[in-house]
Amino acid sequence: MGQFVAYLRLSRDSKNGSNYGLDAQRRDLDVFLSACCPDADGCEELGSYQEVETATDNDRPELTKAIAQCKATGATLLVARLDRLSRRVSFIASLLEEKGLEFKVASMPHADKFQLHIYSALAEQEREFISARTKAGLAAAKARGVKLGGLRPNQERARAAQQAKADSEAERLRGFLSAFTTNTATLAQIAEALMAAGMKTPAGKTVWQPTQVARTIRRLGLER
């Protein structure tokens, strides 16, 4: 029988549950437990821990308890999505290397340790680019004569500002999407990878459609 200890995390800045809430995480964990353990013995959830902490905060008392139970029982730590553990690649890497600990990600049930490390590294790179790319996009818009902030005198300037915002939002995904330009992954597979890595669409949504992936790739000039 597969034994698991579940860990759920909600960001402190999204207590209303809008950012992949606890109910959504619980649903994905239940799907994993029912679908990924089809043998006669099935799966057993030995414990469940949840806390409200930011993804960049490594002080996680509930996660520490969950890991302790895993080591004591030989169970596997189970999270719904990789960013529920952390958004820091160094933190993910330390867990991957920790002796006596195995963990699974429900949204990537077949990912091995190498793939999980790559996903976390790409996600961190994407976040580091957000500030620089956004500033560059706004600077380019300003150079085109777009008035940033305040009231816009006409629809043309409003559209230009929207275009600049869309460009900057797309740019934050360049580091992640560029990794797929040299392989044979389909748009649907890329969409699944984006959601698994916890990356939002340029419109701020958590669900990606293949058509959105295609538009973003075109906007970034990353067509294969």
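Predicted model: local features only at pLDDT ≥ 70, side-chain atom pairs only at ≥ 80, totals over all residues.

Colleague: Fine. Which elements does the protein chain have, and in what order?

Modeller: There are eight helices and four strands. From the N terminus on, they run β-α-β-α-β-α-β-α-α-α-α-α.

Colleague: And how much of the chain is buried?

Modeller: Buried residues make up 41% of the 224 residues. The accessible surface comes to about 11900 Å², and 52% of that belongs to carbon and sulfur atoms.

Colleague: Now the single residues. Why is Phe32 called buried?

Modeller: Buried means under 20% relative accessible area. Phe32 has 5%, so Phe32 is called buried. Phe32 lies in helix H1, residues 22–35.

Colleague: Where does Phe32 stand relative to Pro109?

Modeller: They are 77 residues apart in sequence and 7.4 Å apart in space, C-alpha to C-alpha.

Colleague: What makes Thr76 count as buried?

Modeller: The cut-off is under 20%, and Thr76 has 17% relative accessibility, so Thr76 counts as buried. Thr76 lies in strand E3. Leaving out residues up to four places away in sequence, Thr76 touches Gln3, Phe4, Val5, Cys70, Glu102, Phe103 and Lys104.

Colleague: What about Ser86, buried or exposed?

Modeller: Buried: with a relative accessible area of 4%, Ser86 falls under the 20% limit. Ser86 lies in the loop between strand E3 (76–79) and helix H3 (89–97).

Colleague: And what does the side chain of Ser86 reach?

Modeller: The backbone nitrogen of Arg88, at 2.9 Å. A polar contact needs a pair of N or O atoms within 3.5 Å.

Colleague: Let's go to helix H7. How do you know whether Glu192 is buried or exposed?

Modeller: Exposed means over 50%. Glu192 has a relative accessible area of 54%, so Glu192 is exposed. Glu192 is found in H7, and from Gln209 it is 17 residues away in sequence and 8.7 Å away in space, C-alpha to C-alpha.

Colleague: Which residues of H7 are buried, then?

Modeller: In H7, residues 187–196, they are Ile190, Ala191, Ala193, Leu194 and Ala196. An α-helix has 3.6 residues a turn, so residues three or four places apart point the same way. Just after H7, Gly198 takes a positive phi of about 75°.

Colleague: Why are H7 and H8 called roughly perpendicular?

Modeller: Angles of 65 to 115 degrees count as roughly perpendicular. H7 and helix H8 (residues 210–220) pack at an angle of about 90°, with their axes 8 Å apart. The pair is therefore roughly perpendicular.

Colleague: Which residues meet there?

Modeller: From H7 come Leu187, Ala188, Ile190, Ala191 and Leu194; from H8 come Pro210, Val213, Ala214 and Ile217. By class, this contact has nine nonpolar, no polar and no charged residues.

Colleague: Which residues of H8 are buried?

Modeller: Gln212, Val213, Ala214, Thr216, Ile217 and Leu220. H8 is followed by Gly221, with a positive phi near 70°.

Colleague: Last one: how many of the contacts link residues 24 or more positions apart?

Modeller: Such pairs account for 66% of the contacts with a separation of 6 or more.

Methods. Residues numbered from 1 in each chain as written. Heavy atoms only, no water. Helix = DSSP H or I, 4+ residues; strand = E, 2+ residues; numbered from the N terminus. Buried < 20%, exposed > 50% of the residue type's maximum accessible area, 1.4 Å probe, protein only. Contact = heavy atoms within 4.5 Å. Areas by Shrake-Rupley, 256 points an atom, 1.4 Å probe, with all protein chains shown as cover. Polar contact = N/O pair within 3.5 Å; in protein donor to acceptor, adjacent residues only side chain to side chain. Axes fitted to C-alpha atoms, helices over the stretch in contact; angles between N-to-C directions. Parallel < 35°, antiparallel > 145°, perpendicular 65-115°, else oblique. Nonpolar A, V, L, I, M, F, W, Y, C, P; charged D, E, K, R; others polar.
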